[in-house]
There are 2 protein chains.
Amino acid sequence: MLQTPAALRLQQRARAVIPNGMYGHQSTVKLPKGYPQFFIRADGTRLWDSDGRSYIDFMAAYGPNLLGYNHPQVGAAVKAQMALGDTMTGPSPVMVDLAEALVGMISHADWAMFCKNGADATSMALVVARAHTGRRKILMARDAYHGAHLWNTPNPVGTLPEDRAHILYYDYNDPDALEVAAKQAGSDLAAIFASPYRHDTFTDQEEIDRDYACSVRRICYQHGALLVLDEVRAGFRLSRDGAWDRLGVAADLSCWGKVLANGQPISALLGADKLREAAGNVFVTGSFWFSAVPMAAAIETLRIIRESDYLKHIHEIGAIFRDGLDAQAQRHGVKLRQTGPVSMPMVLFEDDPEFKKGNRWCQVAMENGVWLSPYHNMFINAAMTRADIDEALSATDIAFRELKKQWSLL
Amino acid sequence: MLQTPAALRLQQRARAVIPNGMYGHQSTVKLPKGYPQFFIRADGTRLWDSDGRSYIDFMAAYGPNLLGYNHPQVGAAVKAQMALGDTMTGPSPVMVDLAEALVGMISHADWAMFCKNGADATSMALVVARAHTGRRKILMARDAYHGAHLWNTPNPVGTLPEDRAHILYYDYNDPDALEVAAKQAGSDLAAIFASPYRHDTFTDQEEIDRDYACSVRRICYQHGALLVLDEVRAGFRLSRDGAWDRLGVAADLSCWGKVLANGQPISALLGADKLREAAGNVFVTGSFWFSAVPMAAAIETLRIIRESDYLKHIHEIGAIFRDGLDAQAQRHGVKLRQTGPVSMPMVLFEDDPEFKKGNRWCQVAMENGVWLSPYHNMFINAAMTRADIDEALSATDIAFRELKKQWSLL
């Protein structure tokens, strides 16, 4: 698809007033050519770009859209709270309602603190862990994304070695690597950070090994260190509870964001009782952390999470999509690697180290009205219907056909 | 004022699920006893607490409320954009409109990047300055607040010496202290951070000395370092342009937040042309940084900033309030120190090292329906009328009288 002169002009205007024309995870620079950069509208499971073309959206705003864009009940909660008050000189009582709701839902949590970015929550976990233990070392899985603050950004340009002086790395799901890193930290080990499962970008996803999760917990107990689970990306797409609570492994702290209010800006740090004092001693704040509208939206989102069959639905829809892709790939004689939970699909091609096949496949799907990512896990939302999946699979079928035609060139 | 059983029960519920019952700058722990912690409604210049009592609000949500809570035109822009799309898989074209608006208004700025917290913008300035210069040292004024990330939080609990290994401190408005700090940084000086004026908490405010601003600029030129102006707190309450642009001193980077969208969550880093490349090379992002609703609200807020007489109005209103307080203080034989711009009043009492007089005065004013801060600069908003000020001054008159009665006890 060639972009229209209007879309190109808009991108040119953007380049004049925004470095590179865009930045961060929503820049289209790394995506295949022709991906639209700007969207004028979103509804249910669909996006409309600045040329008015519509797409079935498998990215869900990179996660936040859990229940469908423009969700009527969440929207009603937003409007009702907006008529009362949003960013005020103090918080609204809805903040207490929201904290109670989360503490009621997440097994390991006894208290909550709210913020805006996922990285606000992971940085709060870091300072609370260091304040509680009086220790410095933090273990993170190599290549895991825990935000883009100075100590955890995946791109160190502009940061210093000191920013991650006490961050040590282990390999996810590898008990030996974890033992080595923990030994290296020794009596200075403050916390181990982990994602619910391995959802790194550009690579196959890996389910968490239950024994591994147990050994993370055991090492934390042995060292008097804290287990921090980063649920920002995967929260509520695996479970209505904490992701490892299902496995019987309780985190000490967990970080939440993205889906919490179905797109309204809010994130959270949840913690166990023993960390109350440390959490009360650190100073963390932000201009909009106490705003009531995203909290009201979160209360309604959590109610729907508790009361609806959204979880079964996104797993069923995700499974149908995965099975459909597998069948198409087999029919076209293409080898796919589909990994991760079906509600957060990752689709990669065999023998595609530079993502040329994946890029071309996604590009054709996009030209046919389906927004897929060639290198990032995608996100199923609860507004998706069988008809959406049928329509998406029609587009991917065309994409497989086109891909096969150009196979030898890629 | 005794708080009602309902308010006390709410605070008790809060303490069960939020460490200390609240955190950050909106915690009432440091405020005089009886300050309400929770608010159910805000409109224009007034707040209603969880007991339904109303207050004329001189804190403006700690800044964001520039034009009045629940502003009809900003609210209409919010509703219109919300019907289209907010947090989507890509930004809306309104992001380009907003970047153009800011670049058009702020003399030193050639580009813009948007984020959520003020601290997101100051941390972006830090990494862009280090990326551009390849140097490490950052100069900050002692006791200045530039956010609560690891490298700049005013309370170091849970942080490490490494987090601020290359941060050096100078005294605001003191050219000798600045020279000493710059010499100490030597050829490793990346940037000097400054606030538009000295608006530290718990102390008298200090207007910027124009010669001092010029010497900051000169030292930056001499060292090949960058001047970063932190407009998060004072932006658009001093000027429709950058605060130092008025003085003929151009910043290289400036950080904005709070008022940008009259309470909708958005902050920004603005920069000069020469920093485009560095800004394009760092990785900075957040789940909600591309959301369209706060951007649409910011576009409308900026339009009103350009087209209305809000700036003249908040200065007139602020001057009337200041003059009224001075007259009352004189009548009651009390010595006040009123400092800072009239649009951001700081009111402190002479001979009050522990803020006992200020606390009692604010407490009585609060009991009489006026929310004042005993230790933080306040914020005038454009919805304030002469009648509001008259009403507020009636309350402060009672407060002075009560204060005098208990003077010898404080």
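## Salt bridges within chain A

Arg303(A) is partly exposed, with 25% relative accessible area. In this predicted model, Arg303(A) pairs with Glu300(A) in a salt bridge whose closest N and O atoms are 2.8 Å apart. Glu300(A), at 15% relative accessibility, is buried, because the cut-off for that class is under 20%. Both residues belong to helix H8 (residues 292-307) of chain A, where a spacing of three residues puts about one helical turn between them.

Glu350(A) and Arg337(A) form a salt bridge, with 3.4 Å between the closest N and O atoms. Glu350(A) sits in the loop between strand S12 (346-349) and helix H10 (356-367) of chain A, and Arg337(A) in strand S11 (residues 336-339), so this pair ties together parts 13 residues apart in sequence. Glu350(A) is partly exposed at 30% relative accessible area, and Arg337(A) is partly exposed at 26%.

## A link across the sequence

A salt bridge joins the side chains of Glu391(A) and Arg46(A), at 2.9 Å from N to O. Glu391(A) is in helix H11 (residues 386-405) of chain A and Arg46(A) in strand S2 (residues 46-49) of chain A, so the bridge ties together parts that are 345 residues apart in sequence. Glu391(A) has a relative accessible area of 39% and is partly exposed.

## Salt bridges between the chains

Over all chains, the structure holds 40 salt bridges. Between chain A and chain B there are four. The side chains of Arg13(B) and Glu100(A) meet in a salt bridge, at 2.8 Å from N to O. Arg13(A) is linked with Asp97(B) and Glu100(B) in a network of salt bridges.

## The interface of chains A and B

The contact involves 98 residues of chain A and 98 residues of chain B. Together the two chains bury about 8300 Å², with 62% of that area on carbon and sulfur atoms. Tyr23(A), Thr89(A) and Phe283(A) supply 10% of the area that chain A buries against chain B, more than any other three residues.

Polar contacts between chain A and chain B number 39 residue pairs, counting pairs with both residues at pLDDT 80 or more. Elements giving two or more residues to the side of chain A that touches chain B include helix H1 (5-17), helix H3 (94-105) and helix H4 (118-133) of chain A, along with strand S1 (39-43) and strand S4 (111-115). By class, that side of chain A has 55 nonpolar, 27 polar and 16 charged residues.

Note on methods: Residues numbered from 1 in each chain as written. Chains lettered and ligands numbered in written order. Predicted model: local features only at pLDDT ≥ 70, side-chain atom pairs only at ≥ 80, totals over all residues. Heavy atoms only, no water. Helix = DSSP H or I, 4+ residues; strand = E, 2+ residues; numbered from the N terminus. Buried < 20%, exposed > 50% of the residue type's maximum accessible area, 1.4 Å probe, protein only. Contact = heavy atoms within 4.5 Å. Buried area = accessible area lost by both parts, 1.4 Å probe. Polar contact = N/O pair within 3.5 Å; in protein donor to acceptor, adjacent residues only side chain to side chain. Nonpolar A, V, L, I, M, F, W, Y, C, P; charged D, E, K, R; others polar.
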